[in-house]
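The sequence and structure come next.

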Amino acid sequence: MGMTNEQIARVFDEIADMLEVSGDDFFRVRAYRNAARTVRECATSLSTMTPSQIRELPGIGEDLASKIETLIKTGELPLHRELSRKVPPGLVALLRVPGLGPKRVRALNQELGVRDLNTLKSALESGGIAKLKGFGPKLEQHLRQYLAQLDNKTPERLRYVDAAAIVAQLIGHMKKSSAIVRLEVAGSFRRKKDTVGDLDVLVESTEPEAVADALISFPMVKEVVARGETKTSVILQNGFQIDLRVVSRQSFGAALIYFTGSKAHGVHLRRIAQRKGLLLNEYGLYREGKMIAGQDEEGIYRALGLAWIPPELREDRGEIEAAELGRLPRLLELEDMRGDLHTHTTWTDGRATLEEMALAASARGLEYIAVTDHSRRLAMVHGLDPKRLREQWREIEKVQAKVPNVKLLRGIEVDIMEDGSLDLPNDVLAELDWVVASVHYKLNQAPNAMTKRLIKAIRNPHVDVIGHPTGRLINQREPSNFDLDEVLRVCREEGCALEVNSQPDRLDLNDVACLSAKRAGVRLVISTDAHHPRDFAAIEFGVSQARRGWIEAADVLNTRPLNELLRLRR
DNA sequence: GATCATACGATCGTCACTATTCATAGTGA
């Protein structure tokens, strides 16, 4: 049978969710969550491990080991099946509603028969929720607001990273077809937008039928919505749509421009073509009915008098004017990144030891990393107080001796308190090589208060950079509201940098804010916020956002060699 | 459910904030 670690982890996570709303023992729930995490992070496939090796994993005892064995052998688990039968599927989703946890969800279910978002809505309409034990008028009001906001939300777009995972599988599958000469994924995916609504797949082929068949046989496909001569559309099990277009070699470049977009970019290009007495469409660039370009993008841009424009810039935010003048930015490249200035270890909520992180950084060829664990305000992750921070410095010294080729900077991710003060005293901060200051709670402060809070932190001379400045979590949490221009002004004045956090659900600052920062003369830091060795790879996503924001290597502090970086500190 | 270790039974990351029960349960980071 065989199951991937991710699949096993998911079963355990679902069991934990279902046990939780069933009101099962909290520690049992946590045991399943821990196990899910262990399995997910295990570097070798559990299907290839012996039972005794599995038993040795931390948090996996006799019982869970045998459950894993059952899963690998049969692909399912009686406990999971039984719980799925007992617990309404929509009930688990209610745990994600702010203000609702296992206890309240259970109460809603037992007292009012609430099973999912819809029945919750009816319960709110018919009243009575506020009378439930543990519920009151305030909470009822919050729930109403939340549900109303859900209603006007546009359908969810996938995070770039999730789209990328689908693309990787899709390409692996399609490449097996010999009918495909060339394949490119266009659309917002190619422009590296932080979220992707659907996939536009462009294929060069002389056998459109065979290419369509290849797409339709992709295992994730749930439904074929359209099938024509050159266009096929399918919907995947997760609701994501893929549009396939088969084009000829001579039109490939024109189609690539057309389907990469953005729409505004395309409109602007066609206007330029018109001005020159040309016609641009998805098949090519024509003069008096005769094709003069179309096979590749460069040729079309050239014929329009433009330099080739990187997809990340194609938003009609001035890139066409810049291309006309030969003044396109020389965008930041992945290879420009020399160090990572935001990382965590097992001293707080990291999942790997300082040594493991240092070795991973070395393996990736990084020149330096800042070890920036949390400060004490984040009690849940056992945030560092001055005493433990100093203890960490001793370990940094020891690990540095073992891993000499990556410079380990003594850092902190210090919490910005509600009033803008910092969670560690200045004399301690003064001893550090690198200080990231971040907001982790009370993210929904009024805009004025949040602006003041950030500015006070920026004015602290020890702060090098503000971490994940808006606090947004893609599809989960809105960015906090503050006056970005004012914050940028003070950053510029104080020489404080802003972070582009590369975690796939943060990407914070986003592309537009990167551009604003650049225009305001504020330096950026692109970091991964790595909690695990494999997180270092996420730098790719931060770099993409920065590229979308016209960022060049010179705009980013951690493209510099170490000595230059330290000199540039304020 | 795992772990530790008085080898059975206790312990398992903490703390601040919110709403309601105004001292405490529930939630969230």
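How are α10 and α12 oriented to each other? In this predicted model, the axes of helix α10 (residues 160–174) and helix α12 (residues 208–216) come within 9 Å and cross at roughly 135 degrees. Angles over 145 degrees would count as roughly antiparallel and those from 65 to 115 as roughly perpendicular, and α10 and α12 are therefore oblique to each other.

**The pair α10 and α12**

- The crossing that α10 makes with α12 is right-handed.
- On the α10 side, the contact is made by Leu 170, His 173 and Met 174, while α12 contributes Val 211, Ala 214 and Leu 215.

- Helix α1 (residues 5–21) and helix α5 (residues 78–86) have axes that come within 10 Å and cross at roughly 40 degrees.
- Because an angle must be under 35 degrees to count as roughly parallel, α1 and α5 are likewise oblique to each other.
- The crossing in which α1 passes α5 is left-handed.
- From α1, the residues Val 11, Glu 14, Ile 15, Met 18 and Leu 19 meet Leu 79, His 80, Leu 83 and Ser 84 of α5.
- The residues in this contact of α1 with α5 divide into six nonpolar, two polar and one charged.

Definitions and conventions:
Residues are numbered from 1 along each chain as its sequence is written. Chains are lettered from A and ligands numbered from 1 in the order in which they are written. This is a predicted model: local features need pLDDT of at least 70, side-chain atom pairs count only at pLDDT 80 or more; totals for chains, interfaces and linings use all residues. Side-chain values use heavy atoms; hydrogens and water are left out. Axes are lines fitted to C-alpha atoms, for helices over the stretch in contact, and angles run from 0 to 180 degrees between N-to-C directions. Helices (H or I, at least four residues) and strands (E, at least two) are DSSP runs, numbered from the N terminus. A crossing is left-handed if the near helix is turned anticlockwise from the far one by less than a right angle, and right-handed if clockwise. Contact means heavy atoms within 4.5 Å. Ala, Val, Leu, Ile, Met, Phe, Trp, Tyr, Cys and Pro count as nonpolar, Asp, Glu, Lys and Arg as charged, and the others, Gly among them, as polar.
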